[in-house]
Amino acid sequence: MAETYVVNYDINVQSQQALNAFRQFQEATVQLQACMKPLEDFRRKVSSINTALNNMAKKAPVMNISTAKATEKLDAVLAKMERIHAMVRQMPPLNIAAAGAGTKKTASGGTSGQGTSGSNTVITGGGGTKGSGKAGTPAKAPAAGNVKTPVAFYGGGKGIPQNIGYRAFGQSMIDSGGVGAFSMMKGMGISYGIMGIGSLMGSAIKESVEYDNLMQTTRNILQTHDKYANFDERFKGMERTVRNVGVETKFTAAQVADASRFLAMAGFDVEGINKTIRPIADVALIGDTDLGATADVVTNIMTGYNIKPDEVRKAADILTMTFTKTNTELMDLAEAYKYSANLLNAGGISFEEATAGLGILGNVGMQGSQAGTTMRTIMANLVKPTKAQGKMWDKLGIERLDASGNVRALTDIFRDLSEAGVTLEDVYRMFHRTAAQGAMALVNNIEKWEEIE
């Protein structure tokens, strides 16, 4: 049978520790709030600064420069100068003369006398008397011929300025123009500013007129051979290209217009000029050459090598690579191609290896027409050698032509000659003396040639 038990518990709750903990927490919180106050103040200051900066960014500050005080001071200085000038003009003439012992000088309204000893200088002016000597000594009459004419500052005299104002103001033309010459100085700053603006405007107008004239000339030339439709619209688009090149490069719009004129004279149509004007400007920029002259010579090279406008960017890169990595310049390459472009192109020699070869010749001092003549002669000896030359090629076992009967790549031929160890005598027999020096340079520098190509 189940029994029931009664259990009594005495529970003693000690709340004091909990209360202490709560109190400590409150105290810590109060201290934390006190620490947060300066941080909150700092945050508000930063927010205020950011707001001010944002407002400044939204609206540009206005600077108000007042010149009233400076003008007032300048007017005061000019007034003082005017008074000084008036005083100078009102001064009576000063008579200065040196006299020896016993000399007497006189001037209107007064007498000057001196004693018997010493050398004295007499200065006299109107209305007064001044003398030097021992007291009570009577003045003696001057000896004949011993009286000198007074010398005046305004009257002149050797070694004495004509105008005492000259000492103070320099070459200001006071006597003829008065202090008006000084007043003119007040507006000189404005005058120079107006002159600068006028010069700038004149330059801009001159350049604008020059640009318009050149573009009109280009238009007239293009209309003679560009027969495609919508010429006016296409020409306006080309003008925009010309102006953009003038903005994006160091060349002016007039200089770019001049280059477009050369391209039009070379037979380029509107689209051709659009495609070539920027690459040509880049070549002129890197080569530091005149843009018009650059357009002229580059179009000559393009015509000689039958390079189309679509390929001008690549051709420009090849030219730039060569004259920056070898001892030659753009004008040297243009002169060399004047003598060799057509023959090299007809012989199937790529523009890359022909240009690089001209650069190698430039490294050994053969530049311009000499380099062009050398390359032309080498090409002629490869295409149609004499019997003696043909035997040398056969002896060395080097092929000049490929299976199709075309001349092999020049770098391949000269690589074979280098590996065969050709001598100077061999080279003379194969290329004659007119091209032997250049051919030997190409053999000895085949690695550099291939690198540039």
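**View 1. Ser 340 on helix 12.** At 1% relative accessibility, Ser 340 counts as buried, where buried means under 20% relative accessible area, exposed means over 50%, and partly exposed means in between, with a 1.4 Å probe and protein chains only. Ser 340 lies in helix 12; helices (H or I, at least four residues) and strands (E, at least two) are DSSP runs, numbered from the N terminus. When its neighbours within four places in sequence are left aside, Ser 340 is in contact with Gly 372, Met 375 and Arg 376, and contact here means heavy atoms within 4.5 Å. This is a predicted model, in which local features need pLDDT of at least 70 and side-chain atom pairs count only at pLDDT 80 or more, while totals for chains, interfaces and linings use all residues. Residues are numbered from 1 along each chain as its sequence is written, and side-chain values use heavy atoms, with hydrogens and water left out.

**View 2. The protein chain as a whole.** The protein chain has 18 helices and 5 strands, and 33% of its 453 residues count as buried. Among the contacts in the protein chain with a separation of 6 or more, 63% are between residues 24 or more positions apart. The chain exposes about 28,600 Å², of which carbon and sulfur atoms supply 55%; accessible areas come from the Shrake-Rupley method with a 1.4 Å probe, and for residues only the protein chains shown count as cover.

**View 3. The largest nonpolar core.** Of the 81 residues in the largest nonpolar core, Tyr 305, Tyr 337, Phe 351, Phe 414, Leu 417 and Phe 431 touch the most other members. Helix 17 (residues 424–444) supplies the largest share of this core, 10 residues. A nonpolar core is a set of buried Ala, Val, Leu, Ile, Met, Phe, Trp, Tyr and Cys residues joined through side-chain atoms within 4.5 Å. In soluble globular proteins, nonpolar side chains tend to be buried together. Apart from its neighbours within four places in sequence, Tyr 305 is in contact with Tyr 337, Ala 341, Leu 344, Asn 345, Ile 349, Ser 350, Phe 351 and Ala 354.

**View 4. Helix 12 against helix 13.** The axes of helix 12 (residues 330–346) and helix 13 (residues 351–363) come within 11 Å and cross at roughly 140°; axes are lines fitted to C-alpha atoms, for helices over the stretch in contact, and angles run from 0 to 180 degrees between N-to-C directions. Helix 12 and helix 13 are therefore oblique to each other, since angles under 35 degrees count as roughly parallel, over 145 as roughly antiparallel, 65 to 115 as roughly perpendicular and the rest as oblique. On the helix 12 side, Leu 333, Ala 336, Tyr 337 and Leu 344 meet Phe 351, Ala 354, Thr 355 and Leu 358 of helix 13.

**View 5. Met 331, also on helix 12.** Met 331 lies in helix 12 and counts as partly exposed, at 30% relative accessibility. Not counting residues up to four places away in sequence, Met 331 touches Thr 289, Ala 293, Thr 294 and Val 297. The C-alpha atoms of Met 331 and Gly 368, which are 37 residues apart along the chain, are separated by 7.7 Å.

View 6. The axes of helix 16 and helix 17 come within 11 Å and cross at roughly 85°, which makes helix 16 roughly perpendicular to helix 17. Phe 414, Leu 417 and Ser 418 of helix 16 make the contact with Met 430, Phe 431, Ala 439, Leu 442 and Val 443 of helix 17. Ser 418 is partly exposed, with a relative accessible area of 28%. In the loop between helix 16 and helix 17 sits Val 422, which counts as buried at 10% relative accessibility. Leaving aside its neighbours within four places in sequence, Val 422 is in contact with Leu 396, Leu 417, Val 427, Met 440 and Val 443.

View 7. Most residues other than glycine have a negative phi. Asp 288, although not a glycine, has a positive phi of about 55°; Asp 288 is found in the loop between helix 9 (270–287) and helix 10 (291–304) and is exposed, with a relative accessible area of 60%. His 432, also not a glycine, has a positive phi of about 60°, and its place is in helix 17.
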